[in-house]
Amino acid sequence: MKIEELINDNHTTFSEGEKVLAKFILENKEAIYELGINELAKKSLSSKSSVLRFAQKLGFSGYTEMRNFMKWENQLAENPITQEDFGKILINNVEQTVNQMNNMDLGKICEVIEKSANVYITGTGLMQQSLAQEMQRMFLGIGKNMQIFPMDISTNIYQLVTERLAEEDLLIIFSGSGNNAALKEALSIPLLKNVKILAITGSHHNWLMNNADFGISVNVNSQSTVISNWFSSSSGFHIVIEILAYNYFEYKNKALKNK
């Protein structure tokens with residue numbers, strides 16, 4: 001759906017001021033890409049709060065998301081991505097992630113998962129938290145319980161869990177960039193307690209990977225600024241979860257046979 005269609009669908013709910021703002025946006029689409037919310041408010045004779053409410057009326061979480069949508073819409077018009085092209089990008093990401101994991105010694109990670117007193121798992125964003133839940137579900141199916149670790153340091157459960165954390169525990173963390181400020185704050189206590197950390201991130205070099213005992217980087221290169229500006233694929237992360245689960249299952253079977 002285009003920005004014009006979104007505005008048209010919601011036009012009847014606009015105040016007079018929002019109608020003026022909509023007209024300004026449509027007449028200055030290319031300029032919007034470079035404007036912050038305060039600049040747009042000033043140029044359109046509006047206010048920051050009015051711009052925010054306008055973006056939310058169109059279904060966006062805020063102005064930044066609306067601006068990124070408009071930028072993506074423009075890039076897509078200039079450089080269309082076909083379903084076939086997108087499929088090739090996903091296949092490439094999965095192949096590179098699988099190849100990288102095939103060259104890793106996953107036995108050591110499986111050993112740590114098995115021998116840790118407690119295994120906690122978490123994610124820095126909504127997608128990463130859903131990945132943590134998926135990994136918890138998959139490992140529970142093969143007999144390994146993993147507990148969700150809360151990232152919000154203001155909650156009582158975070159305080160309770162961090163008080164219980166010990167050097168014998170393992171913390172598995174999903175993160176896109178690995179440089180999240182909230183992540184650094186949340187890991188301050190686990191790092192002081194020398195809790196073992198397995199980082200699963202979307203890049204090789206970041207703060208989390210540098211501070212983790214084990215690291216797995218996921219190939220998320222879209223090879224297209226059009227896609228990377230708007231869409232973040234989780235396919236590579238799911239591949240990592242499934243390969244780890246398979247290797248842990250084989251590790252357990254091997255251990256049973258050697259008894």
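**A guided reading of the predicted chain**

Ile243 is found in helix H15, where helices (H or I, at least four residues) and strands (E, at least two) are DSSP runs numbered from the N terminus. The model is predicted, so local features need pLDDT of at least 70 and side-chain atom pairs count only at pLDDT 80 or more, while totals for chains, interfaces and linings use all residues. Residues are numbered from 1 along each chain as its sequence is written, and side-chain values use heavy atoms, with hydrogens and water left out.

Ile243 has a relative accessibility of 17% and therefore counts as buried; buried means under 20% relative accessible area, exposed over 50%, and partly exposed in between, with a 1.4 Å probe and protein chains only. Not counting residues up to four places away in sequence, Ile243 touches Val98, Met101 and Leu106, a contact being heavy atoms within 4.5 Å. Val220 and Ile243 are 23 residues apart in sequence, and their C-alpha atoms are 17 Å apart in space.

The chain as a whole comes to 15 helices and 5 strands. Its C-alpha atoms fill a box of roughly 75 × 45 × 30 Å along the principal axes. Of the 259 residues, 41% are buried. Among contacts with a separation of 6 or more, 71% are between residues 24 or more positions apart. The chain has 24 positive and 28 negative side chains, and the centres of the two sets lie 4 Å apart. In this count Lys and Arg are positive and Asp and Glu negative, without His and the chain ends; the place of a charge is NZ of Lys, CZ of Arg, CG of Asp or CD of Glu.

Gln128, Leu131, Ala132, Met135, Met138 and Phe139 are buried in H9. Seen down the axis, these buried residues fall within an arc of 130°, so they line one face of H9; the arc is that of the directions from the helix axis to the C-beta atoms. An α-helix has 3.6 residues a turn, so residues three or four places apart point the same way. The buried residues of H9 pack against helix H8 (106–115), strand S1 (119–123), strand S2 (147–148), strand S3 (170–175) and helix H15 (235–257). Exposed Leu126 and Leu140 are on the face of H9 turned away from its buried side.

Helix H2 (residues 16–27) can be read in a similar way. Its 12 residues reach 17 Å from first C-alpha to last, close to the 16 Å expected at 1.5 Å a residue. In H2, Glu18, Leu21, Ala22, Phe24 and Ile25 are buried. These residues cover an arc of only 165° around the axis, which puts them on the same side of H2. The face turned away from the buried side of H2 carries the exposed residues Glu16 and Glu27.

Two loop residues complete the tour. Most residues other than glycine have a negative phi. Leu45, in the loop between helix H4 (37–43) and helix H5 (48–57), has a positive phi near 55° and is exposed, with a relative accessible area of 80%. Asn194, in the loop between helix H12 (188–192) and strand S4 (196–201), has a positive phi of about 60° and is partly exposed at 48% relative accessible area.

Notes: The expected span of a helix is 1.5 Å times one less than its number of residues.
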